[in-house]
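Dear colleague,

Here is the structure I promised to pass on, and below it you will find some notes on what turned up when I went through it.

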Amino acid sequence: MSLKFVNIIKKLLIITVFILTSGNVFSQTATQANIAGSTAITPVDKGIRTVIDNSITVLSNGTISGAKVIISGGYISGSTGDILSVIGTLPSGITQSYNNTTGVMSLTGVANASTWQTVLRNVAITSTSASCYPEQRLITFSLGDKFYNPLTQHWYEASTTSSNWATAKANAASSTFFGKVGYLATLTSQAENNFIWKLMSSDAWVGGSDDYLEINKALGRNVFSSQGTSYNAASTTETEGKYYWVTGPEAGTRISNGNSVNGVSSVNGAFINWASGEPNNSGSEHYIQLYSANNGLWNDLPNGSSLRSVIEYGGSALDDNSSITIFTKELLVSGSASGRITGGGSVCSGTNSTTLTLTGYSGTVVRWESSADNFYTAGVPISNTSPNLTVSNLTQTTYYRAVVNTGTGCTALPTGSVAINVTTAIGGNISALNNSICIGGVVNLTLSGEEGNIIRWERKLSTASTWTSLTGTSNSFTESLSEAGSYLYRAVVQIPGCGSAVTSAEYPITVTSGTPPVGGSLNSLSSSTGNFSGTLTLTGNSGTIIKWQSSTSNGLIWTDINHTLTTYNFTGVNSTTLFRVLLQNGTCGTAYSSVGTVTIKTAPLISSPANVTKTFGDAAYTLTAPSSNSTGAFTYTSSNTSVATIAGNTVTIVGAGTTTITATQAEDNNYTSGSVTSTLTVSKVNPTIGSFANVNKTFGDAAYTLTAPTSNSSGAFTYSSSNTSVATIAGNTVTIVGAGTTTITATQAEDNNYTSGSVTSTLTVSKANPTIGSFANVNKTFGDAAYTITAPSSNSTGAFTYTSSDASVATVSGNTVTIVGAGTSTITATQAATTNYNSGTATSTLTVSKINPTIGAFANIAKNFGDASFSLTAPSSNSTGAFTYTSSDASVATVSGNTVTIVGAGTATITATQAATTNYNSGTATSTLTVNSINPTLGAFANVNKTFGDASFSLTAPTSNSSGAFTYSSSNTAVATVSGNTVTIVGAGTATITANQAATTNYNSGTATSTLTVAKANPTLGAFANENKTFGDGAFTLTAPTSNSSGAFTYSSSNTAVATVSGNTVTIVGAGTATITATQASTSNYNSATATSTLTVAQAAPTLSNFQAITKNFGDASFTLTAPTSNSSGAFTYSSSNTAVATVSGSTVTIVGAGTATITATQAATTSYSAGTITATLTVSKINPTIGAFANIAKNFGDASFSLTAPSSNSTGAFTYT
């Protein structure tokens, strides 16, 4: 939005209010309406008049007065700026005007939805001819006579008549706009305040007051009892200086405290906008006035002042929000360098972060700007020259735009704006039908002014601390209470994903004894005509009828009827009207009856279905029912069944042409029958003509007949030739005239359902080929002389020429062939074309054979096995063919290239083969290769160390370059024997093991030796069990561990202070641990070995006795304990189990109080004895207290109550008196 546009909007809003509020009011004015269109972003060519959206739909349940189309974003004003207009002729009664200063096209007049739909679909824009302009345009289509504020999503109007505040409030409350009830505006933000200020042309009332009666009405109960004369912060009964919103969804919300003399402050962060020195209550000033000429500041005025007012629609709990009267279309104008911003969306208030990105621009970013009111007032500059802007922690909805210097000479050009919507949970306020009900009555509550989702209602007794959760998530809540008491109710509100829930203001309900009223039920009636009369009857009710009420706004506004009977005779009803009855029963509150509806049926509002274009042959299709506010079923008919028939909602195409499709909707409970039509146009289809094959003929062929191609059309075929020097056509007969190509066209005539069609084929007439006789093959040998070709016979006179396919075999000059080399060549005789014959050819094969080469001597060769590879020398030859070599015995030698590799001893024939060449055959020569055997090379034969008793083991053969088998022998069979390659240990000692390798084809026999050393073995000793003893146990005998050795065992003790060993006898000396070691002597085959076990000698438990029970009195002196008797010398210590009875220090016991305590004597452990305990019971008896004097008292009858003074006592017991 440009800066110029901000100023334009200010003027626009003032102008609009007069236009929108001056329309006539008709009895059939719509109470519901919807507008919609395409959400696709549409490109627009600069300066070209373009329809904005030809798919807009408008629906309503009555006539609509006026509409506007506004360039609400990116507008360029002036004579060279953007222009809105309607293409075509406007319907009768509709006029248009365009203000090129504001960018607003005003459409005035009253029309039905279909008419407005036609008009709005033809609205076009011609974009600016200026060179500098933003890319984005937002075009807003608005239905009705109110002004929409996208910041609050509410509607507003400024009244054109003046009144006092109370009258203005009543007038606002009796107004509706497409299902939304009106109220004096409540201003909850600076942005909303600015918007309304721009809307005003003079000072106006809004919905705030500190009048205690108005506040009590808004709160729904008598909270305050008087006005007061000055602000008293501490008073809970006076309201002076305590301003509330008393209208709309915010009714009951306190916004400011104090008058100007003592300072004004906001309540709970509420928005306030008082002018300097206000409010001042300068003479019963209790109502908020909004200045029009003072930047929208507030003042307080008395009710008697006469002002216009600002009426707001939207947000009320009982609003019908089904109408959508605003549709905004985004356009992108070509040629702009400003770019557009992406990002935005919704965030939760508080901790948040959003990145906006400017795309599609050229040049540089000068700055960004922010605005709380979408730049209705000047924006706030942001020092950022990046195309990206990140904003964080927003607490209110904010708009952003970039300002760019383009590369095309445009400076400080603003882009379109984008909003970041900030959501904050608000609990709202509760109102009630009755503040006091009787047991069994119904609590009827309504929540207004909340922001977020209602997740539950809650109730508690006013004295309770815990709330009870109740089922209910709508703005209205009802429940019946069966117990008397004072209750509090509240609603819990939360915005999903936006932190913790909040609660509404609490609302008190009192339940007393009594019989509540019962509203009962009203019947409903309907009529297809106006001026309807009838009788409504109330049944099932109890209590006193206070009044009847009626509503022609679907329950938004009710009008009282002074009638107290159970039947009501109505007359002259011309539109659908709701009725209800209000009843009361003493002090038990009121109740409404059910709503009775008197329905005046009207014609349904059926949308116009689009015309349909089909082609003959298309498949049957299904009709989509038009949208309608009636529930009646649709039936369909076709005006021309030769074009289309209808069964149910399926249309079957019968033939080409035009038919009218009529959709007829049946009557239902609320609407009469109605119908709409659309036109079905079925076009002829092109015939489908089958293939028309190409034809190949030869000059001289007979005439032939054409076969018509297949076709789904019945039209007749005619034929033509594009080249009559090649072929002519008579009817469907083609006559060959000459060689060449012509196009044959088959043309099918049009019939009733098919257009004319054609298909072509190509006729090709070829020349004739000559007939050439045989051309014999020829066989020659390399070196033969040249020879002459004899021409073949032919029926053509064309001259012959000759060629050879392989000039390396033979060349041809004229008709002479010269032999060049061995091989095969094709000799081609080519006869030239004549007038009637094509060129022709004949071939014969010339074969030239090779000759054999002469190869020289190839000498014999002698080698030893293991010799290195050697190279062969090729024998001499008269051929240049390459030699290859082979060996007759690959086990003796192999040949690779000319290199011979020795493989084994023996004899092999080496053959040299010379390859054939172009002119020579292959040839061979041989020589004999003799290879002698050699001695093998044996690797290390490792020495072996073993232990007597080891298992037999296998010998690993030494490495060898020979494959001869090994055999083994032992030099000392007393140490080891060998069988095969297995060595068996016989005894300790040393033996030489000899490995003998047998001779092979290529190697002689060989030997290798190693030394085997066998060591003695360690014996294996069995378990030597641990022993556990107690000090004082007798001596015991050790059991020797098992062993595979026969060596004798001896024993020793590691700690002779615990135990001593003599032979195999162990004697206990003291408590503790000792290691007993068993040592086995070595033998001839086994080494010496040891085994150990642990001897653990435990302490003995002492024997305690003679520790007797003790009896004492509270107050006795301390006494000394006598130690118990014990066989241990450990020292005694003492403890008391109840230090409230007695304490112990050393062996002295001190009496603390009456009761029982266990005295425990604990004897410390010694070297040979463990610790021990013994107990005795100490019983301390109570004694009588000593109580002091308790003086006599003298009093007179009538004396005041007095307190007794407790007598003195050595006891702490509490005194009671009788």
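At 43% relative accessibility, Glu-667 counts as partly exposed, whereas Lys-601 is buried, with a relative accessible area of 15% (buried means under 20% relative accessible area, exposed over 50% and partly exposed in between, with a 1.4 Å probe and protein chains only). The side chains of Lys-601 and Glu-667 meet in a salt bridge, at 2.9 Å from N to O (a side-chain nitrogen of Lys or Arg within 4 Å of a carboxyl oxygen of Asp or Glu). Lys-601 lies in the loop between β49 (596-600) and β50 (612-615) and Glu-667 in the loop between β55 (657-665) and β56 (674-683), so the pair ties together parts that are 66 residues apart in sequence.

Please keep in mind that this is a predicted model, in which local features need pLDDT of at least 70 and side-chain atom pairs count only at pLDDT 80 or more, while totals for chains, interfaces and linings use all residues. Residues are numbered from 1 along each chain as its sequence is written, and side-chain values use heavy atoms, with hydrogens and water left out.

By the rule above, the count comes to 14 salt bridges. One of them joins Arg-340 to Glu-330, with the closest N and O atoms 2.7 Å apart. Arg-340 counts as buried at 19% relative accessibility, and Glu-330 counts as buried at 17%. Asp-145, Lys-146 and Glu-157, for their part, are linked in a network of salt bridges.

With kind regards

Conventions: Helices (H or I, at least four residues) and strands (E, at least two) are DSSP runs, numbered from the N terminus.
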